[in-house]
Amino acid sequence: VSDQKPLGCWSVKHGQIITCPVVCNFETHEYIAVHDDKVLRIWKDEDVNLDKVFKATLSADVYRIHSLPHGEPLVLFKGGGVRTLDVLLEAPQQEIENFISDEVIKWSEALLEGQEPILIFATEKDGNFFIYVQKFKLNMLHKYKLEQQELSNPLSFTAYIKNQIITLLCLYSNGSVYKVLIPLQRHSEEEEQILSKSLLLKLLVSGSVLKGTSFVVLDKDHVAVLGSLTAFGEESKECLTIWNTKFQTLQTSKELPLGTSGQLWCYGEKFFFTHGKVLTVIIYKCETSSLAAAVGKLKDSQTSDVSSFINWNTLSDEELVVSLQSQQSVALKSESKMTLRSRRNSVAKAQPDTLTVGQLLLDIKDSSSAAIEDELKQLLSKAQMPDFQATIGCIITALVNRCKRDPVFYPRNFLVQLIGKRELSYSLCPDLMAVALEKKDVHLLQICLQRFPDIPEEITYACLKVFLSISDDYLERTDVNLDSVICYIDIESNNKEVKTEIVENGFNNELEEDHCDTAFAKETHLKNDGEFCPVGPQKAALLNAVLHSAYSETFLLPHLKDLPAQQAVLFLRYLHYLYVKSSEKITTTLPGVLSPTINQIMDWMCLILDAHFTVMVMLPEAKGLLSSLHKFVRAQVRFYSELNKIEGSLQELQRLKRQKETQTYSIEVLELI
């Protein structure tokens, strides 16, 4: 998710519908899905076509599959029956009991008490709600009736288990959260015990009721609620809110103007929810709850000025400021495509002898470059800094905002230093590369491409286009890191390669020369066969950085089609050169630091050819290149084909070598049949 790259995609046939959420079996690393209510599918990462994976048709409709970290997945059927996956697969057509013929399941959750799985689910019938608790160890199913609430119904549930007691939290349509305690040890023998509930929280924001759609428990004192807020005379606004249940206070909230699906997930101290058309991921951090923190009066001089960091994304061009003294007990930092920004709660005066992050962010808006650089060095020299990545991200964002307002202001050296020495990402400072592209700061772009794992394909393409458009003469005067090319391009002799010992990895010019080649191909053979690098070392190093950037072919290909034809040919020439160079050694590995791999070279060759195949065929200057490339690839295919023929013999040699312990000196004769 942090890299925003799709890792896999599987589709059912037209007309089939996936009817419950897909889960992962942690024990076998397999995915489990159900389509059309009864058809079970199980597959792994390497499987491509769902039609060819394991399939089982069940005897009853499935409501939900629950996966547990250290156990078999649990399958809950719409009739209330439950089976572990392994038991179900032994006989897929086994009869499933129906406990709730007239009731409809509204929610379910799997919990662990020690090593014992517990399944809890809620049903509804004629406005009445029932809670079922399934204990697998004793094979017992307990049924409870939820105490009714006048003029209000539960919309969402969540539960956790501690000390043999299930705590069930219910979000009601009247904007209240109720708590229900369910002991695992049931003492009453009544068939249907009524559960009483107690008010935990009223969701009131400035006198208006928050109509929640889903919520999750963060810790014993905090919950997150996703819902809509309607103020008097205004339109309804969706928002994500964090509440302190201990002191009944709203800790923080964020308006979501693009709308959501109404669903909120929480896993591994991260929120997941859809905002518009994107999946948003937000890291949260719960601190120890205190009354002072809950009401925004925490003034502990020992705490850091960024001990609690609120980094919401603001969808407009508002200025970035930071709360110096924390008013929130839940720290949130966004790891989605959105920019990290903080909400202005209060800006306290910094101590004269101690520079704070908040004071620095304010100074960045109007101080001189030299003064800002001195303050940055002072701040970064601190031994410890909480939320370090988020802090650096906010500082860079503030610097970039200043650059956009003030064209003269551009602390290039310090930006290079910050990016080069810190583990950052594109999502922490998304406007940085846009500013660097505008100023054609190729060195900063090179570092970003090498270090950021989540650069959007549109930005990767923009970098490629800029690198190809800048002349080699201009690049010779710029500061570019040449570590990736210095070992295979001679920097001192007019961009010609250092002569190295060549192992012709299956390629023989004489054998591969096609006698039907046209005169044009013969004339341009020396130019196109990859013998000389078509670009200078600086441009080669920049293009290598592009080759290292992660991408998704689906999103990158449409942009590559906009690359001018001449630039596409030049880039393909360079890729051809790299391909020939990497094939000179048996290891097919280019020397140097961060040099492109053979897989990266081949993948980008295919991308350029896919995007510009028609243009390449029509352009006269590309004809010789394509011919030379074709012959070289054909030679490689033949060479590896010959290697495959003797693969068995080579494996046998390895086996014999392991079996025999040779002395200091020996002569062995091995016959290859």
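Student: How many helices and strands does the protein chain have?

Tutor: Happy to start there. This is a predicted model, and its protein chain has 19 helices and 26 strands.

Student: What share of the residues in the protein chain is buried?

Tutor: Of the 673 residues, 47% are buried. The accessible surface of the chain comes to about 34,900 Å², and carbon and sulfur atoms hold 52% of that area.

Student: And what part of the contacts joins residues 24 or more positions apart?

Tutor: Take the contacts with a separation of 6 or more: residues 24 or more positions apart account for 57% of them.

Student: Which residues is L204 in contact with, leaving aside its neighbours within four places in sequence?

Tutor: Those are V209 and W243.

Student: Now the aromatic rings. How many aromatic pairs are there?

Tutor: Two rings pair if their centres lie within 6.5 Å, and by this rule the count is 12 aromatic pairs. Let's work through one of them. The ring centres of F571 and W604 are 5.8 Å apart and their planes meet at 75°, so this pair is edge-to-face; the cut-off for that label is over 60 degrees.

Student: Where in the chain do F571 and W604 lie?

Tutor: F571 is in helix α16 (residues 565-582) and W604 is in helix α17 (residues 598-618).

Student: Are F571 and W604 buried or exposed?

Tutor: F571 has a relative accessible area of 0%, so it is buried. W604 is at 1% relative accessibility and therefore counts as buried too.

Student: Which residues do ring pairs link into a cluster?

Tutor: W10, Y31 and W43 are linked that way.

Student: Which ring does the charged end of K143 sit over?

Tutor: Here you check how far the charged end is from the ring centre. For K143, the ring is that of F130, and the charged end sits 4.7 Å from its centre. Another case is R402, which lies over the face of F409 at 4.1 Å from the ring centre.

Definitions and conventions: Residues numbered from 1 in each chain as written. Predicted model: local features only at pLDDT ≥ 70, side-chain atom pairs only at ≥ 80, totals over all residues. Heavy atoms only, no water. Helix = DSSP H or I, 4+ residues; strand = E, 2+ residues; numbered from the N terminus. Buried < 20%, exposed > 50% of the residue type's maximum accessible area, 1.4 Å probe, protein only. Contact = heavy atoms within 4.5 Å. Areas by Shrake-Rupley, 256 points an atom, 1.4 Å probe, with all protein chains shown as cover. Phe/Tyr/Trp six-rings, centres within 6.5 Å; stacked < 30°, edge-to-face > 60°. Lys NZ or Arg CZ within 6 Å of the ring centre and 35° of its normal.
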